[in-house]
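Let us walk through a protein structure step by step. Keep the sequence and the 3D view side by side.

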Amino acid sequence: MEKTGENRVKLAIAYDLLRFEEKALYNEAQKLSVPVEMMHVDSLSFDLNTSDYIDRYDVLLQRCISHSRGLHVSAIFEAMGILAINSYEVSAICDDKLLTTLRLSRKGIPTPKTRVAFNQEQALKALDELGYPAVIKPIVGSWGRLVARVRDREEAAAVIESRASGSNPNDHILYLQEYIKRPQRDIRAIVAGDELIATVYRYQPPNDWRTNVARGGTSEEAKLGDAEREILLKAAEAVGGGILGIDAMEGPSGIVVHEVNSTVEFRGASTVSTNNIPRKMVEYALRVAKR
Amino acid sequence: MEFECEQCGGQVQVPKDALSGELVSCKDCGSEYEIMIDENGTIELKAAEEVGEDWGE
């Protein structure tokens, strides 16, 4: 039953940069008459020795654009006893492609064949075994940045050498994947708890093989079969659940899940989905906060 | 509310319903600014950050 008056669920939305998504979540919360507070984390400091926030909020929607900032905001709220969506643990898994793949793979979700190496020579050997073309990705990063498709050993060596020479230790972890022969699109599913709230195809722009909307990819609503929908929901469950963006590809033997996003962007999906995505997200937050 | 662009001296408009963390840009040169609103409601603009290494979904 909906709480009323003082008993209503109080929602905090933490963010660093206000994007379309955060504003849409705020507007939907207001339309639902939910007490909502926007928390611009760059304008605040947090007292780690208090639990005062427990009286002010019931649930947090963590929407920071910076992974490390967001991760720690979730940790602060959770320590104060407030439900964070997504949790520190789920965010930590999704922010790291290696950890995501481990979870997906252990739970039997189809994913591309993936190797990891900590040394250039071992990375090249692993790629020989995976075969070419192959994909080299950073373990941390979004929007398709630094994702490289390599056609042969020579190209792979150049990409690996440039990664290994950088100062970011994460770039020295060489995450290598088979290249999936897919149509010129992939699937983005948005999940809230155990519900698929949007499924869209993302088409690659004419000048790029990546489909990220941030790279100019375009969206279209996807009608998926029950088996595919089940895999996408299981993928969300495998990383710990919450509000998630699941990225999958249609390979020769069915769909494979290659990424799960913990601060999912939905501007592109909103233009084609029949569901009100931000409303569904707020409703989910209210539902789990009441449990 | 109107601010002066640090880069070109042009006009930067901040809407009435602006929230802290929102991006605005200069009409003349396109420079981007992040709106910062303190506890007293004072509005300041700071040059928008470049895309950070750990930014994303």
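Predicted model: local features only at pLDDT ≥ 70, side-chain atom pairs only at ≥ 80, totals over all residues.

Residues are numbered from 1 along each chain as its sequence is written, chains are lettered from A and ligands numbered from 1 in the order in which they are written, and side-chain values use heavy atoms, with hydrogens and water left out.

Start with the scores. The model has an ipTM of 0.82 and a pTM of 0.92. For chain B, the mean pLDDT is 91, and 100% of the residues reach 70 or more. Here pLDDT is the predictor's confidence in each residue, from 0 to 100.

Stay with chain B. Its secondary structure has zero helices and five strands. Helices (H or I, at least four residues) and strands (E, at least two) are DSSP runs, numbered from the N terminus. Read from the N terminus on, the order in chain B is β-β-β-β-β. The C-alpha trace of chain B spans about 30 × 30 × 15 Å along its principal axes. Chain B has 57 residues, and 39% of them count as buried. Buried means under 20% relative accessible area, exposed means over 50%, and partly exposed lies in between (1.4 Å probe, protein chains only). Now take the contacts in chain B with a separation of 6 or more: residues 24 or more positions apart account for 15% of them. A contact means heavy atoms within 4.5 Å.

Next, turn to chain A and its helix H6, residues 120–130. Which residues of H6(A) are buried? They are Ala123(A), Leu124(A), Ala126(A), Leu127(A) and Leu130(A). Seen down the axis of H6(A), these buried residues fall within an arc of 160°, so they line one face of the helix. The arc is that of the directions from the helix axis to the C-beta atoms. The face turned away from the buried side of H6(A) carries the exposed residues Glu121(A) and Glu129(A). What do the buried residues of H6(A) pack against? Their partners are strand S5 (114–117), strand S6 (134–137), H7 and strand S8 (174–178) of chain A.

Look at the H7 partner. Two packed helices are described by the angle between their axes and the distance between the axes. H6(A) and helix H7 (residues 153–164) of chain A pack at an angle of about 145°, with their axes 10 Å apart. Axes are lines fitted to C-alpha atoms, for helices over the stretch in contact, and angles run from 0 to 180 degrees between N-to-C directions. Among the residues that meet are Leu124(A) and Leu127(A) from H6(A), and Ala157(A) and Ile160(A) from H7(A). The residues of this contact divide into seven nonpolar, one polar and four charged. Ala, Val, Leu, Ile, Met, Phe, Trp, Tyr, Cys and Pro count as nonpolar, Asp, Glu, Lys and Arg as charged, and the others, Gly among them, as polar.

Helix H1 (residues 20–31) and helix H10 (residues 277–290) pack at an angle of about 65°, with their axes 8 Å apart. In H1(A), Ala24(A), Leu25(A), Glu28(A), Ala29(A) and Lys31(A) meet Pro278(A), Arg279(A), Met281(A) and Val282(A) in H10(A). This contact holds six nonpolar, no polar and three charged residues.

Now follow the chain past H1. Ser33(A) lies in the loop between H1 and S2 of chain A. Its phi is positive, about 55°, although Ser33(A) is not a glycine. At 45% relative accessibility, Ser33(A) counts as partly exposed. Val36(A) lies in strand S2 (residues 36–40) of chain A. Among the contacts of Val36(A) beyond four places in sequence are Tyr26(A) and Ala29(A). The C-alpha atoms of Val36(A) and Tyr26(A) are separated by 7.2 Å.

Finish with the backbone. Most residues other than glycine have a negative phi, and most peptide bonds are trans. Leu146(A) has a positive phi near 60°. A cis peptide bond joins Ile85(A) and Asn86(A), with omega about 5°. Another cis bond joins Tyr132(A) and Pro133(A), with omega about -5°. Pro133(A) lies in the loop between H6 and S6 of chain A.
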